[in-house]
Amino acid sequence: MIRFILRRLLQVIPVFLGTTLLVYYMVFALPGDPIAALFGDRQPPQAVIDTLRSQYHLDQPFWVQYGLFLKNLFTFNLGNDFTGQPIAASLARVFPVTAMLAIEALAIQAIFGVAFGVFAGLRRGGWFDSTVLVASLVVIAVPTFVLGFVFQLVFGVQLGWAKPTVGANANWGTLLLPAIVLGLVSFAYVLRLTRASVSENMNADYVRTATAKGLSRPRVVLAHILRNSLIPVVTYLGANLGGLMGGAIVTEGIFNVPGVGNKLYQAVLRSEGPTIVSIVSVLVLVFVVANLLVDLLYAWLDPRIRYDQ
Amino acid sequence: MTSNNSHFVAPIEETPLQATDAVKTDQAPLSLWADAWRKLRRRPLFIISALLILALIVIALFPGLFTSTPPNEGCELGNSEGAPTAGHPFGFTFQGCDVYSRVIHGTQASLSVGLLSVLCVLVIGVTIGAIAGYYGGWIDAVLARLGDIFFALPLVLAALVITQLPLFRENKSVWTVVFVISLLAWPQMARITRGAVIEVRNSDFVTAARSLGVSKFGALIRHVLPNALAPIIVLATLELGVFIVAEATLSFLGIGLPQSIMSWGNDIAGAQASIRTRPEIMLYPAAALSITVLSFIMLGDAVRDALDPKSRQR
């Protein structure tokens, strides 16, 4: 178990280095001078420009800049962005908001997706199954941003059930509407995965055994069918958490959520290399840790799985 | 392995059961593909989606057949957000252009982004996945890590940065969007291919081909890959829909197709201004997009069912 975790963490290192290097290089190649952009249409003295450039190491070659970034990252000192704000502080402001949004969306898709999927899978071909299947296809086919606008218009503006935009006061309640929009597409995938997996497992021999030895139907469904059907679903959910955090740019834009997506969008427009790469590093870490947790969950779901051969 | 193993028939002169044998020995057994095709032809889901896709392709190739209104000329600000009139069944956009004509003319860009991206992803993903799965060892490990690097990057983020690069900033086109999507989507295809190739590579017929003197690479091309195609084709049909949505998302954010190219994504983005007053303007291109994506998902579902050996026994 410990060896498995260590081996997985060792595999993370090249992926982490590769991703940050790729993003850092692309940001390095972005046109425009961020220092000149700081001053707008005024022309600062050359000495000021030189000082600022050396302060942010912009006068160094690419490899030195990347090395300094890595060094800073491992000493937990992310430095300042080009407006002089500490990057760590602004990340601490935006990440909790997006994490709340992503966790709420993940919870919605996991709970409703698995519940609907189990009911549909148990009675395959029934009216509930057919309805849910068609509905899930429609949800997959409509792009998130169209759903976002429609939900905002209907539930936010016309019915007034929720606030149309989130703004500064982001909490579980105000984030509910954007979380539903963010989670809907993956909800459809979770539902279809669960349904397929449940309907495949419900005729397995161990299910017949469990029924034959007199277990109640809920116990057979929850402890035997569902538990054995969850592995593909959990795999999908784990891979999806990273996508939810990084892919929330559209949803955050529509509902004006002050989260990672908004921050990233502004940072790219301002060519703020250090901010972009810091955000990406955290996102990659989230992605990797979520996938590791999923791998560890496998053993709990299916005790036959052993990590050390 | 399906077609070669499951239809094994003992040599005729050796079996006394020839008369009662259910398998017709004078006829070549149906291959996986012929069997799937026979199944598909009878599925209403497949027929509907195939007809829809055919119609979309005709619209994309010959938009002039369906509307005589030019999409960009004749836009009058006086018609801004105008209601439908004779000859303009869907009304007018914020800029006073004909919505129906723009939806028809937008088909081409959206479909070509989807098709070209799937082609690129197939070329890159199948090559890398097949090499990784077939040769294994350190090649597999290196290619898997390479795939992880691109897999961990969120699409929108990478697209934001890539489209700002000097190379793409000045001359954005359909190819820019195809490049971004393919760059980030190939690892998925590579993983599926790798799994399918690993499943097939140790089959008896591959060993047989190798012992008959077929080179290792020749066996991969002629025996392993054709038998690993099923999951690849299913994923490709599903991803076509996903890529069309991705193009719309990028265009919506202003980092996809340039404004000069008509696409459903650009139309939806342009309709934002009218969402509170005339939401229909957004709903028409969005509906066109959803119908397209739906057709490809249904096609993928039907093909998967037809190719799945488990479902044929029922």
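Residues are numbered from 1 along each chain as its sequence is written, while chains are lettered from A and ligands numbered from 1 in the order in which they are written. Because the model is predicted, local features need pLDDT of at least 70 and side-chain atom pairs count only at pLDDT 80 or more, whereas totals for chains, interfaces and linings use all residues.

**View 1. Chain A has 13 helices and zero strands.** Helices (H or I, at least four residues) and strands (E, at least two) are DSSP runs, numbered from the N terminus. The C-alpha trace of chain A spans about 85 × 60 × 30 Å along its principal axes. Of the 309 residues here, 36% are buried, a word kept for residues with 20 or more other C-beta atoms within 10 Å of their own, these atoms being placed from the backbone. Take the contacts in chain A between residues at least 6 apart in sequence: 76% of them join residues at least 24 apart. A contact means that the C-beta atoms of two residues, placed from the backbone, lie within 7 Å.

**View 2. Here chain A meets chain B, with 34 residues of chain A in contact with 31 of chain B.** Elements giving two or more residues to this side of chain A include α1 (2–28), α10 (217–246) and α13 (273–301). The most comes from α1(A), with eight residues. By class, this side of chain A has 28 nonpolar, six polar and no charged residues. Ala, Val, Leu, Ile, Met, Phe, Trp, Tyr, Cys and Pro count as nonpolar, Asp, Glu, Lys and Arg as charged, and the others, Gly among them, as polar.

**View 3. Let us turn to helices α4 (residues 99–135) and α5 (residues 137–151) of chain B.** Their axes come within 7 Å and cross at roughly 145°; axes are lines fitted to C-alpha atoms over the stretch in contact, and angles run from 0 to 180 degrees between N-to-C directions. I128(B), I131(B), A132(B) and Y135(B) in α4(B) meet a group in α5(B) that includes I139(B), D140(B) and L143(B).

**View 4. The largest nonpolar core holds 154 residues.** Such a core is a set of buried Ala, Val, Leu, Ile, Met, Phe, Trp, Tyr and Cys residues joined through C-beta atoms within 7 Å. L101(A), I276(A) and I268(B) touch the most other members. Helix α13 (residues 280–307) of chain B supplies the largest share, 16 residues. Leaving aside residues up to four places away in sequence, L101(A) touches several residues, among them L175(A), L182(A) and V257(A).

Technical notes. A residue is buried if 20 or more other C-beta atoms lie within 10 Å of its own, exposed if 12 or fewer, and partly exposed in between; C-beta atoms are placed from the backbone.
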